[in-house]
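Student: I would like to learn how to read the features of a structure like this one. Could we go through it together, one topic at a time?

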Amino acid sequence: MALTLKREIRSLPLSTEETDCFFAVASTTSERYYAAGFTTIGDDTHMAVARFGSTGDLDTSFGSNGIATVNVAVGAVKQWNS
Amino acid sequence: MEFLGSVVSSPTGQIVVVEPVEHDTSATGDAARDTDIAVARFDTTGQLDQTFGANGIVRLDLSTGTVSGTAFQGDTAWGLTLLSGDDLLVVGGKVADGPGRTDIDYAVMKLTATGAVDRSFGTNGLVTLDIGTGTDSPRTAIIQPDEKTVVSGHTSNAGVVTIVLFRLLPDGQFDSSFGRAQRSPRRLLPFIAEAYDVALQGENLILARYGRDTSAGTVDIMTARFLADGTGIGRTVMKASLF
């Protein structure tokens, strides 16, 4: 099945003023795919997972309007180890 | 602080992610910089899966973080691999054991489908690999058709970064038939060679990575191929000034 993307590249602002990043992607057998990373809220980063349909649109049936976030450790520490 | 490392999707539609998180957000001073590993599983609707770990989240505290120069070393995670039956392998790192050690070692953990540590794997669910006193940077793991696990990453010591592959048997023991002393650290370039992912090419192993053959300057995209026994290599260097 040929897929048609509405745009080749699209941005997805998870938070309006702070840093958002995706670091990983996973596909599914149902032609959906997930992009995962973090969004920053109040200087604290939250894990974020977005689900997209085959055309690149957010799947709004997932999480909140297509995006699930969770803040496992509430705290404003902006550093990490690699 | 959440800094996600990897995401996998199971055949049943669950989504699992892994990341380092703060160990204790109420701590002060350097202790506030300590990190653990968190694994979270979502159901198909994007809600945390309450049948996994504690309310959808598993926390792994493998070591107490420590200051290393101007940096801070704590538990970290990068890779997540889905196994049969929705079990999981977490590829991460922990502070090396021993007095005065401030470097990171490889740490591979196995979780069951419910988020419990599978203590039949490695030693009580954990496999560690300590390559000298350099800091190790774990990346990803793949499962071969024979159910052996190949883990990729690199290690840094005295300004030289070397790629690392090691292979585990299904029970988490090192595969003595692989590489040199069950692992395959290879200095492919004089200065920098970092590995970020590994894939199977038939029985061989392909690494995606970058590096440089000078002590400073730009890096180039590179790939390398290891034979199935972890020996014998070929490499390509793409001098495409992308960085």
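Student: Which residues have the most contacts inside the largest nonpolar core?

Tutor: In soluble globular proteins, nonpolar side chains tend to be buried together. A nonpolar core here is a set of buried Ala, Val, Leu, Ile, Met, Phe, Trp, Tyr and Cys residues joined through C-beta atoms within 7 Å, where buried requires 20 or more other C-beta atoms within 10 Å of a residue's own, C-beta atoms being placed from the backbone. The largest such core has 63 residues, and those with the most contacts inside it are Val49(A), Val7(B), Val17(B), Val39(B), Val90(B) and Val108(B). Because domain 1 (1-130) and domain 2 (131-243) of chain B both give residues to this core, it lies between them, the bounds coming from an automatic or database domain assignment.

Tutor: Please keep in mind that this is a predicted model, in which local features need pLDDT of at least 70 and side-chain atom pairs count only at pLDDT 80 or more, while totals for chains, interfaces and linings use all residues. Residues are numbered from 1 along each chain as its sequence is written, and chains are lettered from A and ligands numbered from 1 in the order in which they are written.

Student: What does Val49(A) touch?

Tutor: Contact means that C-beta atoms, placed from the backbone, lie within 7 Å. Leaving aside residues up to four places away in sequence, Val49(A) touches Tyr34(A), Ala36(A) and Ala68(A), together with Val7(B), Ile15(B), Val17(B) and Phe42(B).

Student: How many residues of each chain are in contact?

Tutor: 29 residues of chain A are in contact with 30 residues of chain B.

How values were computed:
Two residues are in contact if their C-beta atoms, placed from the backbone, lie within 7 Å. A residue is buried if 20 or more other C-beta atoms lie within 10 Å of its own, exposed if 12 or fewer, and partly exposed in between; C-beta atoms are placed from the backbone.
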